[in-house]
Amino acid sequence: MQIIKPDVNIDFVGRRVLAYIVSAILILITIVSLIFHGGPKYGIDFAGGAELLIQFDQPLPIEEVKAAMNALQLEAVVQKYGEEAEDFYRVLIPAAVAEQENLAQTLKEGLAAQTQRQVTLESFEMVGPQVGRDLREKALLAMFFALLFIAVYISGRFELKWLLSAAVAGALAFSVYILRLAHLSIPMLMLAAVVVTLVLFYILNLKYAMGAIVALIHDVAITVGFFSIFQKEFTLPIIAALLTIIGYSLNDTIIVFDRIRENLRKYHKLPLAETINRSINETLSRTILTSGTTLIVVLMLFIFGGGIIHDFAFALLVGILVGTYSSIFVASPILLAWQKRK
């Protein structure tokens with residue numbers, strides 16, 4: 001299906017400076033938001049604590065539920081959950097408070113007494129602080145290794161330097177091993193490993209891998225920024241969403257890179273900027289159709305999917321939009337910038 005005329009010739013590369021400014025502003029907002037909010041807001045999966053889902057037998061305003069929690073002297077976050085008529089509430093209790101005995105029963109009986117309503121405890125989940133810390137470190141390691149193996153794959157596939165890719169993987173594994181001996185935290189370890197990766201790609205002249213990995217870091221960073229701005233919680237499903245975004249964005253980038261590599265062989269006398277523009281324009285129909293249909297599906301999940309997958313769908317919405325943008329305006333222009341540095 002072709003929704004863009006075959007002779008269309010939009011100058012994407014010519015707008016790269018504007019795109020760089022937009023990306024820089026979004027990443028700056030992300031950094032400022034994370035500093036302002038004291039880092040990401042972790043859910044009980046990672047921070048530890050208790051999560052309860054309760055239902056009252058009659059409709060009750062959320063203000064009265066919060067007032068009842070205050071009367072019980074229980075520090076908690078109360079959120080309306082599900083459809084308005086269902087009268088469900090999600091109660092999040094921090095780890096320090098959640099460790100008291102018979103918390104679920106105390107809360108149920110206390111709310112019933114304070115609100116004069118019958119309370120049903122639909123679910124009760126508790127995660128200890130140490131378990132939360134372990135889960136957080138494992139989730140970050142999963143993202144790090146995803147980025148690492150993607151970078152190695154891209155450098156091998158597009159530049160046909162599999163031995164060099166293997167050497168990069170070995171150098172990174174050795175670097176991570178040495179850094180772990182220094183007892184760096186997992187976030188600092190990831191940051192150091194990403195810096196080492198980019199330096200290796202630069203030194204070894206792996207331009208396609210550099211373009212792909214910068215675009216992926218860009219997409220994940222901006223998605224994290226949106227979560228920080230809207231104060232949404234990072235939970236295990238959100239990490240799954242970020243890994244999905246990495247895969248989706250990479251797929252878009254590979255399609256464009258494939259066409260650039262083909263056109264470099266066919267039109268080897270054309271300037272690189274023109275070849276990149278031609279390649280992006282030739283794949284534009286596919287990009288719009290794929291991203292458009294995926295966005296519609298995810299938007300439906302976001303609107304009608306309910307509270308359980310609401311944040312997961314929100315992460316995918318942001319990630320798909322940013323990933324499509326970065327495959328055109330971030331990954332490909334890096335190839336042009338690479339040529340100019342020679």
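Figure 1. T253 counts as buried because its relative accessible area is 2%, and buried means under 20%. The structure shown is a predicted model. T253 belongs to helix α10, which covers residues 236-266. Leaving out residues up to four places away in sequence, T253 touches A212, S327 and A331.

**Figure 2. The whole protein, as a setting for the close-up views.** The protein contains 13 helices and four strands. Its C-alpha atoms fill a box of roughly 80 × 55 × 30 Å along the principal axes. Of its 342 residues, 43% count as buried. The protein exposes about 17500 Å², and carbon and sulfur atoms supply 65% of that area. Among contacts between residues at least 6 apart in sequence, 78% join residues at least 24 apart.

**Figure 3. The open sheet of four strands.** In what order do the strands of the open sheet stand? The order is β2-β3-β1-β4, and the pairing is antiparallel. Strands β2 and β4 (119-127) stand at the edges with a single partner strand each, so one side of each has no neighbour in the sheet. From one strand to the next, the twist averages 20 degrees. Strands of a sheet pair through backbone hydrogen bonds, in either a parallel or an antiparallel manner.

**Figure 4. Strand β3 and its two pairings.** Strand β3 comprises residues 88-94; six of its seven residues are buried, so the strand is largely enclosed by the rest of the structure. Strand β1 (residues 49-56) runs antiparallel to β3 and is joined to it by seven bridges. Within this pairing, L52 has V91 of β3 as its bridge partner, and L53 has R90 of β3. Strand β2 (residues 77-81) also pairs with β3 in the antiparallel sense, here over five bridges. K80 has Y89 of β3 as its bridge partner. In a regular strand, side chains alternate between the two faces of the sheet.

**Figure 5. Helices α3 and α5 against the strands.** Helix α3 (residues 62-71) lies across β1, β2 and β3. The angle between α3 and β2 is about 150 degrees. Helix α5 (residues 103-115) packs on the sheet and touches β1, β3 and β4. The direction of α5 makes about 145 degrees with that of β4.

**Figure 6. The largest nonpolar core.** Which residues touch the most other members of the largest nonpolar core? They are I154, F201, F257 and I276, in a core of 70 residues. The elements giving two or more residues to this core are α6 (129-159), α7 (162-181), α8 (186-203), α9 (207-229), α10, α11 (272-282), α12 (284-304) and α13 (310-341). Helix α13 gives the most, with 16 residues. Apart from this core lies another, of 18 residues, among them A50, V78, A104 and L107. In soluble globular proteins, nonpolar side chains tend to be buried together.

**Figure 7. The surroundings of F257.** Neighbours within four places in sequence are left aside in this view. F257 is in contact with F158, Y208, G211, A212, A331, S332 and L335. Two of these residues, A212 and A331, are also touched by T253.

**Figure 8. Helix α9 and the residue that follows it.** Of the 23 residues of α9, 17 are buried, so the helix is largely enclosed by the rest of the structure. At 1.5 Å a residue, α9 should span 33 Å, and this agrees with its end C-alpha atoms, which are 33 Å apart. Just after α9, Q231 takes a positive phi of about 55 degrees. Q231 lies in the loop between α9 and α10. With a relative accessibility of 32%, Q231 counts as partly exposed.

**Figure 9. Q116, a residue with positive phi in a loop.** Most residues other than glycine have a negative phi. Q116 is not a glycine, yet its phi is positive, at about 60 degrees. Q116 sits in the loop between α5 and β4. Is Q116 buried or exposed? Q116 is exposed, because its relative accessible area is 63% and exposed means over 50%.

Note on methods. Residues are numbered from 1 along each chain as its sequence is written. Side-chain values use heavy atoms; hydrogens and water are left out. Buried means under 20% relative accessible area, exposed over 50%, partly exposed in between (1.4 Å probe, protein chains only). Contact means heavy atoms within 4.5 Å. Two strands pair if DSSP finds at least two bridges between them. A nonpolar core is a set of buried Ala, Val, Leu, Ile, Met, Phe, Trp, Tyr and Cys residues joined through side-chain atoms within 4.5 Å. The expected span of a helix is 1.5 Å times one less than its number of residues. Axes are lines fitted to C-alpha atoms, for helices over the stretch in contact, and angles run from 0 to 180 degrees between N-to-C directions. Accessible areas come from the Shrake-Rupley method with a 1.4 Å probe; for residues, only the protein chains shown count as cover.
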